[in-house]
Amino acid sequence: MSAAGAWTVGLALAWTVFLVGLGRRTSPGAGADGYFVGGRGVTPVALAASVTALFGGSSFIAISELAYRSGVPALWYGVAVVLQVVLIALVLVGPLHRRLVVTVSGLVGDRYGRAARAVAGLITGVTFPMWSVATAIAFASALHALLGVPIGVAVVLTALLLLAYVWVGGMRSLIVTQVANALAIGVMAVVGLVAVLRAPGPAALAAAVTAPPPGTGTVGLPLVLAWFGTFVVNVLLAQATFQMAMSCRSARAGRDGLLGAAALVLPLAVVGTVLGVAAALVVPGERLGLVAVAQFVAGAVPAPVAGLFFLGIWACALGWGAPCQFSGATSLGRDVGRALRPVASEDDVVRWTRRALVGLTVLMVGFALLRTEQSAWWNVLAWTLRNGATLAPVLAALLWPLATRGAVLAALGAGFGSGLVWYQLGGWEPASFHLGIHPVWVGMSANLTVLVVVTLAQRRPPLVRAVAARPAATTLAGAGVVVTALLVARWDVVHPVGLAGPGVLVALGLLGAAVVRAVPGEPPTVPGARPPAVAGTTTPPSTSVDRAVTTPGSAS
């Protein structure tokens, strides 16, 4: 074992024992409300640190790997992440806090009934381990580079440790350990900058910006657009972030915490980009980019300092994986469980969620063994499947009362299935896709189209007359037709530069918005479903986890 490896193992073990003890000493609070949203007592500073550990750590890992392979353009991944956090803070925190939303699948189920809750919860739950595994692979790669430990074994250890400290304390345990992990991630970033300044140095890095190192590829426009499109759409669906933000006492506290996190995530993205480029200069030709980064840092700084860097990588894995696992288990235990057994007690829901954590741990390990060489790929696959399935149902729950239960169920299946099929047609490649169109655009387009078409087929409203009678609907429909015509006429121009998929989604979105404006409809009556709360009113909650204590300013 190398000196750096010994320091890494020692620090990681000590840190893990500390986190497990910290998490287990943290009381989960009373009932399901305490377990799932921490009693809604999280401060803005704690939220900022928690979301930084969530998005900053995962972005650092994904960007450093991407920069090793593709150079400076990998920074666009981080910019897309920051944009997502800012949009969540400015657009969604207030409305969701008034509705007391805990999960995306719960939002869909409250409007469209038990079947929709179960399907949305199942899809959401099984995709979260795909996000968890991405950062677990990063720390496993470090252990593999330093100690020769098989990556699969390291992932198993990571998964078990995640389970250990999230199991008992719920959201409160998660928040306190996230704050600790954010501090470790900050130290890691400082060590990474020191390593870069020592070798290859500022001059070599500056040259690499204009002339990428030999052997590196490029980040094409289709992939960059997929990042931005995925993260912008994910604003509506970022369940783990919602769950932490809803744990704050008020909407304003949640908004302030998220904006603080955005300010901290961007510097981490810059450091990850610089580190990946530096590793490509010093350790070229490595098949696993994260292994190359580990080798670079271990050779650039003294062993104890390298140990601090790898401790930060471990904190990244925990800071991303723990919220993902907990939020996925919440969808399975709380939403799928209540869909199958509506009369379940608070204790039943918490017990099911803990069992779901075990199941997702097993699933996470299975994903890691299937594909270990590209951590960012797992992130994008998860977004493709989850967002492709739930985008239109969430929009309908928030904006379109006319949508039917049958349309929502069909859209869930169409979005999830089309994303899988498109990946299969493209050979499951991370950067080259069937017909040059990323699966994320296919899944969301199918999801939106099916929801609108099935709803119109079942409701049969006078659509043409309704569009003509509403100027806003006419304008939106005209814009959709114009975009469609431009896509058809200039397909040879937009397709090679990666604009075909986004263009189709934009056209469908405009046409769908025209339909929504033309025939908004009335909220459907669903046996057993709770109508959504309306701003300024109070809706009796159907589950104890929604019975938050309302304090002055909580709806601000």
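Ala80 counts as buried because its relative accessibility is 1% (buried is under 20% relative accessible area, exposed over 50%, partly exposed in between, with a 1.4 Å probe and protein chains only). This is a predicted model: local features need pLDDT of at least 70, side-chain atom pairs count only at pLDDT 80 or more, and totals for chains, interfaces and linings use all residues. Residues are numbered from 1 along each chain as its sequence is written, and side-chain values use heavy atoms, with hydrogens and water left out.

**Around Ala80**
- You will find Ala80 in helix α4 (helices are DSSP runs of H or I with at least four residues, numbered from the N terminus).
- Ala80 and Phe228 are 148 residues apart in sequence, yet their C-alpha atoms are 5.1 Å apart in space.
- Beyond its neighbours within four places in sequence, Ala80 is in contact (heavy atoms within 4.5 Å) with Trp227, Phe228 and Phe231.

**Aromatic pairs**
- The structure holds nine aromatic pairs (rings of Phe, Tyr and Trp, the last by its six-membered ring, with centres within 6.5 Å; planes under 30 degrees apart are stacked, over 60 edge-to-face and the rest tilted).
- One of them joins Tyr77 and Phe231 edge-to-face, at 5.4 Å centre to centre and 90° between the planes.
- That pair links distant parts of the chain, with Tyr77 in helix α4 (residues 75-99) and Phe231 in helix α10 (residues 221-234), 154 residues apart.
- Tyr77 and Phe231 are both buried.
- Tyr423 and Trp428 are stacked, because their ring centres are 5.5 Å apart and their planes are at 5°.
- Tyr423 is buried at 2% relative accessibility, whereas Trp428 is partly exposed at 26%.
- Phe60, Phe309 and Phe310 form one aromatic cluster.

**A buried arginine**
- Arg386, in helix α16 (residues 375-399), is buried yet has no salt bridge (a side-chain nitrogen of Lys or Arg within 4 Å of a carboxyl oxygen of Asp or Glu).
- The nearest side chain of opposite charge to Arg386 is Asp335, 11 Å away (Lys and Arg count as positive, Asp and Glu as negative; His and the chain ends are not counted).
- A polar atom of the Arg386 side chain lies 3.0 Å from the backbone oxygen of Leu237.

**Helix α22**
- Helix α22 (residues 500-518) has 19 residues and reaches 27 Å from its first C-alpha to its last, close to the 27 Å expected (1.5 Å times one less than its number of residues).
- Its buried residues include Gly501, Leu505 and Val515.
- Among the elements covering the buried residues of α22 are α10 and α18 (439-459).

Technical notes:
Helices (H or I, at least four residues) and strands (E, at least two) are DSSP runs, numbered from the N terminus. A polar contact is a pair of N or O atoms within 3.5 Å; within protein, one must be able to donate a hydrogen and the other to accept it, and residues adjacent in sequence count only if both atoms are side-chain atoms.
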